[in-house]
Structures are given as structure tokens and as C-alpha cells.
Amino acid sequence: MTDASRAMLSRRRFLTLTGALTAGSLALGATGLWPRWALAEPELANRLLRLGRDIYPHEAIEDRYYLEPLTPLLEEQRDMIAAGLDDLDRRARAAHGHAYAGIDSGAEREALLRQIQNGDFFQAVRNTLVVGLYNDSELWEPHFGYQGSSWEQGGYINRGFDDLVIDWL
């Protein structure tokens, strides 16, 4: 084998290397999107994500904004969260033959959530997400039309009390 033939890449070797590089870059890109616990436990993350998106449905908000606020809750009350998700899946299988996240109809998922809405599990997830989503300044203006506090700028009278840009009110 000559030095020139060793330096040339075969088509198969080229595709193998580029495929590996693509897969590696996708994996690295995904690590920036989901919290570390969610990457380690994608099944749990997907189940909680479906629940969070059903409680506060905002299609344009990235998954990480739903998953990041749940990190402390999982660290402190992991058993309750796991048991709550298992109960929700059990109810879903009994009613629809699928786990909760596998139910396509939003109305059917909502009916299941109404059954558990007063329980500790649902309230813990709901209360964590309401603060995690709506207190995140990165989401305020682009997703909710809220421009932030006006106190630092002299109040709403000086800033413009009629500059409301929220189109969903």
C-alpha cells in the first residue's frame, strides 16, 4: 500500500466519519437544550414535559423552559413525582389503553388531569411551572408580550401606559 492510497478515504470510511460527527454534534446540541437530569432520564423527562405542556400549553416555548424549573422539585420530591406519573399512566391505560403521554387527544388528557387536579402531585408540578414559566424574563416579551417592570423607568405613566402589545387579551 502506497502513501497516496493510505491518504485517500474510501466512500464508506467518509460516510462513517461524517455520520459519527453528525451524531456527536446532535448529541452535544441536545445537552444545551435539556437539563442534565432530563438527558439522563429521557422517559421521565418526556412524561413530565407532556404533563407540563398540558397544564400550561405554549407551543412556541422550548422544552427546556418546561423542564428546567422542575429540577428542584425532582431533587426534593422524586418519589412523589414518580408515583404521580405512574398513577396518571395507570388511569390513562384504564381509560384509553395507552400511557398518558401516548394519548393523542388533548381533551382526553385534560379529562385525566381533572381527575387528579386537587392532588399533591398535580399541584406541586403546577405550582412549580407557574413560577418557572411566567417568572422567566427570557420568555416575557417574545412569548407573553410583557415588557417587564416599569418601576425602574418611572412607572407606567412616564413609560407609556398604553403601549400594551399583548395580542391574546
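User: Why is D89 called buried?

Analyst: In this predicted model, D89 has a relative accessibility of 9%, and because buried means under 20% relative accessible area, the residue counts as buried. D89 lies in helix α6, and leaving aside residues up to four places away in sequence, D89 touches R47, H98, A99, Y100 and A101. The C-alpha atoms of D89 and A101 are separated by 8.0 Å, although the two residues are twelve positions apart along the chain.

User: What makes the pairing of the D89 and R47 side chains a polar contact?

Analyst: The side chains of D89 and R47 are joined at 3.0 Å, and because a polar contact requires a pair of N or O atoms within 3.5 Å, this distance falls inside the limit.

User: How do you know that D86 and R47 form a salt bridge?

Analyst: The N to O distance between the side chains of D86 and R47 is 2.9 Å, and since a salt bridge needs a side-chain nitrogen of Lys or Arg within 4 Å of a carboxyl oxygen of Asp or Glu, the pair qualifies. The two partners come from distant parts of the chain, with D86 in helix α6 and R47 in helix α4, 39 residues apart. In general, side chains of opposite charge can pair when their charged atoms come close.

User: Are D86 and R47 buried or partly exposed?

Analyst: R47 has a relative accessibility of 14%, so R47 counts as buried, the cut-off being under 20%. D86, at 45% relative accessibility, counts as partly exposed, because partly exposed covers the range between the 20% limit for buried and the 50% limit for exposed.

User: Why is D87 called partly exposed?

Analyst: D87 has a relative accessible area of 23%, and because buried means under 20% and exposed means over 50%, D87 is placed in between, as partly exposed. D87 is also found in helix α6, where the side chain of D87 makes a polar contact of 2.5 Å with the side chain of R90. From D87 to Y100 there are 13 residues in sequence and 9.7 Å in space, C-alpha to C-alpha.

User: What makes R64 and E138 a salt bridge, and how far apart in sequence are the parts they tie together?

Analyst: The closest N and O atoms of R64 and E138 are 3.8 Å apart, and because the limit is 4 Å, the pair counts as a salt bridge. R64 lies in helix α5 and E138 in helix α9, so the pair ties together parts that are 74 residues apart in sequence. E138 is partly exposed, with a relative accessible area of 49%, a value that is not over the 50% needed for exposed. R64 also forms a salt bridge with E62, where the closest N and O atoms are 3.2 Å apart, and E62 counts as partly exposed at 40% relative accessibility.

User: How many salt bridges does a search of the whole structure find, and which residues are joined into one network?

Analyst: The search finds 13 salt bridges. Through salt bridges that share partners, E43, R47, D86 and D89 are joined into one network.

User: Which interaction is found at the start of α9, and what follows that helix?

Analyst: At the start of α9, a side-chain oxygen of D136 reaches to within 3.0 Å of the backbone nitrogen of E138, which lies inside the 3.5 Å limit for a polar contact. After α9 comes G145, whose phi is positive, near 75°.

User: What makes a set of residues a nonpolar core, and which residues have the most contacts inside the largest one?

Analyst: A nonpolar core joins buried residues of the nonpolar kinds through side-chain atoms within 4.5 Å, and the largest one here has 34 residues, with W37, L48, L51, I81, L113 and V125 having the most contacts inside it. Several helices each supply at least two residues of this core, among them α3, α4 and α7, while α6 gives the most, with seven residues. Not counting residues up to four places away in sequence, I81 touches L48, L73, L74, F121 and V125.

User: How many helices and strands are there, and what share of the residues counts as buried?

Analyst: The protein chain has ten helices and zero strands, and of its 169 residues, 32% count as buried.

Key
Residues are numbered from 1 along each chain as its sequence is written. This is a predicted model: local features need pLDDT of at least 70, side-chain atom pairs count only at pLDDT 80 or more; totals for chains, interfaces and linings use all residues. Side-chain values use heavy atoms; hydrogens and water are left out. Buried means under 20% relative accessible area, exposed over 50%, partly exposed in between (1.4 Å probe, protein chains only). Helices (H or I, at least four residues) and strands (E, at least two) are DSSP runs, numbered from the N terminus. Contact means heavy atoms within 4.5 Å. A polar contact is a pair of N or O atoms within 3.5 Å; within protein, one must be able to donate a hydrogen and the other to accept it, and residues adjacent in sequence count only if both atoms are side-chain atoms.
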